[in-house]
Amino acid sequence: DEQTTVKSLDDFLLFANKNVVDRLGLEDKDAQVLMMSRQEFMATAGEMSKGSGSMAVRLQASANTLVGEPIMTNFKIYPNKLIYKDGKKIYSEQIPEHVDKRAAEAILVAFLSRLNNQAVEDGVLPDPITGNVGNLDIPYMMETMEKIRHTTGAFSMTARAGQDIYTMGPLQVTLEIASAP
């Protein structure tokens, strides 16, 4: 109902305000730095109350702000729908035989960039600051680069969903390296 939605949005706004106060290193921990018009707030609550299913909400600055000024904000709502089922192939490409396997890091980084673009195109929301939809931990990246280095000839790289992935992400994948037949 709308009352529950209003409470949830209000809590979200308070949490975001606290995070911004902490990030800015302000001494007054109760400072109100994020502002939103009541009309904007209530319009979002009304829209969410009418919606069906899970929704993702982002808080964003409405305009650039100078230090010391309040930050005007608004909400952006997205239906939080299933984008990829666990195990679904998301992206694949063939790496030609002539590619220098010693450049495994460059091969992997380029692949991950194209994977990121595919996931965004398919509906996974990117981080508003980095533009990324997920990340790989360092040990898994190192393991994948070793597989690339030890592959002879042409090979394929495939990314599959490591779990059910929704609009809000994150994109968690397993990577497959296979020699071309």
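The second largest pocket is lined by 14 residues, and those nearest its centre are L112, N116, N132, G134 and N135. This is a predicted model, so please take what follows as computed. The volume of this second largest pocket comes to about 250 Å³. Helix α3 gives the most to its lining, with six residues. By class, the lining has eight nonpolar residues and six polar ones, with no charged residues.

Now to the largest pocket. The space in there is about 820 Å³. It has 26 lining residues, and the closest to the centre are R23, R58, L59, P128 and I129. The largest share comes from α1, with six residues. By class, the lining of the largest pocket splits into 17 nonpolar, five polar and four charged residues.

Back to α3, and its packing against α4. Which residues of each helix make the contact? First the geometry. α3 covers residues 104–122 and α4 covers 138–149; they pack at an angle of about 115°, and their axes are 9 Å apart. The crossing is right-handed. On the α3 side, the contact is made by A104, E105, I107, L108 and L112. On the α4 side, M141, T144, M145, I148 and R149 make it. Sorted by class, that contact has seven nonpolar residues, one polar and two charged.

One residue to look at on the screen is L112: it is among those nearest the centre of the second largest pocket, and L112 also takes part in the contact of α3 with α4.

Key. Residues are numbered from 1 along each chain as its sequence is written. This is a predicted model: local features need pLDDT of at least 70, side-chain atom pairs count only at pLDDT 80 or more; totals for chains, interfaces and linings use all residues. Side-chain values use heavy atoms; hydrogens and water are left out. Axes are lines fitted to C-alpha atoms, for helices over the stretch in contact, and angles run from 0 to 180 degrees between N-to-C directions. Helices (H or I, at least four residues) and strands (E, at least two) are DSSP runs, numbered from the N terminus. A crossing is left-handed if the near helix is turned anticlockwise from the far one by less than a right angle, and right-handed if clockwise. Contact means heavy atoms within 4.5 Å. Ala, Val, Leu, Ile, Met, Phe, Trp, Tyr, Cys and Pro count as nonpolar, Asp, Glu, Lys and Arg as charged, and the others, Gly among them, as polar. On a 1 Å grid over the protein atoms alone, a cavity is a set of points where a 1.4 Å probe fits but cannot get out, and a pocket is an open set with protein on both sides within 12 Å along at least five of seven lines; lining residues have an atom within 4 Å of a point. Grid points are joined across faces, edges and corners, and a volume is the space filled by probe spheres set on the points.
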